[in-house]
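Colleague: I am new to this structure and would like to go through it in questions and answers. Please show it before we start.

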Amino acid sequence: MIKKTISYSDFEKIEIRLGTIIEAEEYNKLNKPSILLKIDFGLDIGIKKSSAQLQKNYKSESLINKQVLAVVNFEPKQIGNLISEVLVLGMPDKDNEPILVSPLIKLKNGVQLY
């Protein structure tokens, strides 16, 4: 079911970019265990941090050099004692656990979804 339709100009406000995970560290101090990510979005955007509840499907070391899509223009969000600067995008598996959205081939960091 579609929640609510939006205009195309609303969609254009959301900046979804591709980045490469350069650091990943398990973080178990939050209510739900997470992985802290540092993601390189290229020269224009730089390196951004995110916290994602990925431990059910991913090990930290398997995420290094993985390219992922993220919303880069949301306001930073406080998650426990951390600040998440981008929202990494995923889709739910059969257990409603996130699977990261990632291209099939390596692309340039910072490219925008259109």
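Modeller: A patch is made of residues with over 30% relative accessible area and no salt bridge, and nonpolar side chains are joined within 5 Å. The model is predicted.

Colleague: Which residues make the nonpolar surface patch, and what is its area?

Modeller: The members of the patch are Ile-6, Tyr-8, Phe-11, Ile-14 and Leu-113. Together they make a nonpolar surface patch of about 470 Å².

Colleague: Where does Leu-113 lie, and is Leu-113 buried, partly exposed or exposed?

Modeller: Leu-113 is found in the segment after β9, a strand of residues 98-100. Its relative accessibility is 40%. Buried means under 20% and exposed means over 50%, so Leu-113 counts as partly exposed.

Colleague: In what order do the five strands of the open sheet come, and which strands are at its edges?

Modeller: The pairing in this sheet is antiparallel, and the order is β3-β2-β1-β4-β7. An edge strand here pairs on one side only, and the strands that do so are β3 and β7.

Colleague: How many bridges join β2 to β3, and which residue in β3 is the bridge partner of Ile-35?

Modeller: Strand β2 covers residues 34-40 and strand β3 covers residues 47-52; they run antiparallel and are joined by six bridges. The two strands form a hairpin with six residues between them, and Gly-42 in the turn has a positive phi of about 90°. The bridge partner of Ile-35 in β3 is Ala-52.

Colleague: Over how many bridges does β1 pair with β2, and which residue in β2 is the bridge partner of Glu-26?

Modeller: Strand β1, residues 16-27, pairs with β2 in the antiparallel sense over seven bridges. A hairpin through six residues joins β1 to β2. In β2, Glu-26 has as its bridge partner Ile-35.

Colleague: What is the bridge partner of Leu-18 in β4?

Modeller: β1 and β4 pair in the antiparallel sense, over five bridges. The partner of Leu-18 in β4 is Leu-69.

Colleague: Which element gives the largest share of the largest nonpolar core?

Modeller: This core has 16 residues, and Leu-37, Ile-39, Leu-54 and Leu-63 touch the most other members. Two or more residues come from each of β1, β2 and β4. The largest share, three residues, is that of β2.

Colleague: Which residues does Leu-37 touch, leaving out those up to four places away in sequence?

Modeller: With residues up to four places away not counted, the contacts of Leu-37 include Ile-21, Ala-24, Lys-48 and Val-88. Also among them are Leu-54 and Leu-63.

Colleague: What is the phi of Asn-65, and what is the phi of Asn-96?

Modeller: Most residues other than glycine have a negative phi. Asn-65, in the loop between α2 and β4, is exposed at 56% relative accessibility. Asn-96, in the loop between β8 and β9, is exposed with a relative accessible area of 60%. Both values of phi are positive: for Asn-65 near 75°, and for Asn-96 near 65°.

Definitions and conventions:
Residues are numbered from 1 along each chain as its sequence is written. This is a predicted model: local features need pLDDT of at least 70, side-chain atom pairs count only at pLDDT 80 or more; totals for chains, interfaces and linings use all residues. Side-chain values use heavy atoms; hydrogens and water are left out. Two strands pair if DSSP finds at least two bridges between them. Helices (H or I, at least four residues) and strands (E, at least two) are DSSP runs, numbered from the N terminus. Patches are made of residues with over 30% relative accessible area and no salt bridge: like charges are joined within 9 Å, nonpolar side chains (Val, Leu, Ile, Met, Phe, Trp, Tyr) within 5 Å. Accessible areas come from the Shrake-Rupley method with a 1.4 Å probe; for residues, only the protein chains shown count as cover. A salt bridge is a side-chain nitrogen of Lys or Arg within 4 Å of a carboxyl oxygen of Asp or Glu. Buried means under 20% relative accessible area, exposed over 50%, partly exposed in between (1.4 Å probe, protein chains only). A nonpolar core is a set of buried Ala, Val, Leu, Ile, Met, Phe, Trp, Tyr and Cys residues joined through side-chain atoms within 4.5 Å. Contact means heavy atoms within 4.5 Å.
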